[in-house]
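Here's a quick briefing to read with the model open beside you. Take it one topic at a time and find each residue as you go.

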Amino acid sequence: MLLTAAIWGFSLVAQKAGMDVLGPWSFTGIRCTLAGLSLLPLAVYLDKKRKREEPDYDAKADTVKVIKPAFLCFIFLEGTTMFQQIGLQWTGVGKGAFITAFYIFLTPLFGLFLKQKVSGRLWAAVVISMAGLFLITMTGPVSSGDMGINMGDFLMFMAAFAYAGYIHAVDRAGAWNLAKLSGMQLLAIGLTSFVPAAILEPGDITWSNCVGSLIPILYSGIVSAAGGFTLQMVGQKYASPGVASIILSSETVFSLFAGWLFFNEILTPAEYAGCFVMVIAIALAVVPEKKNEKSSRESAENNQRT
């Protein structure tokens, strides 16, 4: 999951660069379709491997069963992808990543609806993170009349809500052929994105535009989407949603570095202060997760000894 965070941190650069010649819907349609198709050979290979290990395994029946969890993941991932992609038109890579990082706190809070407990320390982290978000999203002094959240910041915030839901959807999806599950949801996002692209961005998808965005498409499609989301699903087999969200939050650090490296993005002192406050909130949120994980292990060991 740490590798996933690094891949995604630099992916925001590719996503922003890809919109130099393509609209957000067109770019998403191409990259996610490519991502979904690139996972098909791996899904077929894993099906054949399982068939050799389990002669009674029915690949077609398994594909039908995986449609439901894939659809649930698709709904949340579609929201995450498009809120973030469209929002990048009005906000920076590093700033946008830190705003999206609010999913770290939303993930365990959403767990309340699934009857999961939330510690007092995490509530404190949420309050601190809100203060950090306030500093990050303020675009100027009150006297300038530019005080507030711009459209890009708001969409990044909505992406955080959608991604918190996605983490829980992945957790509830269960054990499946991960290449198949990831490929289905990405292919669905790609194909459905072509509809609004045809309406809102007519004429964007041309051979010259695709060639002009080839590197961003390949990186954000194959490396980030196909590779990243599959790695996340593998990682979440060994970690709870709360722990997963915290590890993946290191994406914000990679994004901030990538924004400075590729776009020379320099934040204001208030925005840097907000990022620092967010890091404190993230660190505070990590502590109860580690304690809970240790407690769970000790409880399991005691039960085993008993």
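**Buried cysteines and the overall build**

Cys-32 has a relative accessibility of 1%, so this residue counts as buried (buried means under 20% relative accessible area, exposed means over 50%, and partly exposed is in between, using a 1.4 Å probe and protein chains only). Cys-73 is buried too, at 0% relative accessibility. What you're looking at is a predicted model, where local features need pLDDT of at least 70, side-chain atom pairs count only at pLDDT 80 or more, and totals for chains, interfaces and linings use all residues. Residues are numbered from 1 along each chain as its sequence is written, and side-chain values use heavy atoms, with hydrogens and water left out.

**The big picture**

- The protein has 13 helices and 0 strands (helices are DSSP runs of H or I with at least four residues, strands are E runs with at least two, and numbering starts from the N terminus).
- Of the 306 residues in the protein, 52% are buried.
- The disulfide count comes to 0, where a disulfide is a pair of cysteine sulfur atoms within 2.5 Å.

**Helix 5, tucked away**

- Helix 5 (residues 103-110) has 7 of its 8 residues buried, so it's largely enclosed by the rest of the structure.
- Its buried residues are Tyr-103, Ile-104, Phe-105, Leu-106, Thr-107, Pro-108 and Leu-109.

- The 13 residues of helix 12 should span 18 Å at 1.5 Å a residue, and the end C-alpha atoms are 17 Å apart, which agrees (the expected span is 1.5 Å times one less than the number of residues).
- Glu-251, Thr-252, Ser-255, Ala-258 and Gly-259 are the buried residues listed for helix 12. They cover an arc of only 120° around the axis, so they sit on the same side of helix 12 (the arc is that of the directions from the helix axis to the C-beta atoms).
- A nonpolar surface patch is formed by Phe-257, Trp-260, Leu-261, Phe-262, Phe-263, Ile-266 and Tyr-272, with about 710 Å² of accessible area together. Accessible areas come from the Shrake-Rupley method with a 1.4 Å probe, and for residues only the protein chains shown count as cover.
- Patches are made of residues with over 30% relative accessible area and no salt bridge; like charges are joined within 9 Å, and nonpolar side chains (Val, Leu, Ile, Met, Phe, Trp, Tyr) within 5 Å.
- Helix 12 (residues 251-263) gives the most to this patch, with 5 residues.
- Leu-261, at 44% relative accessibility, is partly exposed.
- Just after helix 12, Asn-264 takes a positive phi of about 55°.

**Salt bridges**

- The whole structure has 4 salt bridges (a side-chain nitrogen of Lys or Arg within 4 Å of a carboxyl oxygen of Asp or Glu).
- Asp-47, Arg-50, Glu-54, Asp-62 and Lys-180 are linked in a salt-bridge network.
- Arg-50 pairs with Asp-62, their closest N and O atoms being 4.0 Å apart. Arg-50 lies in helix 2 (residues 24-53) and Asp-62 in helix 3 (residues 59-87), so this pair ties together parts that are 12 residues apart in sequence.
- Lys-180 and Asp-62 meet in a salt bridge too (2.9 Å, N to O). This pair links distant parts of the chain, with Lys-180 in helix 8 (residues 178-200) and Asp-62 in helix 3, 118 residues apart.
- Asp-62 is buried, with a relative accessible area of 8%, and Lys-180 is buried at 7%.
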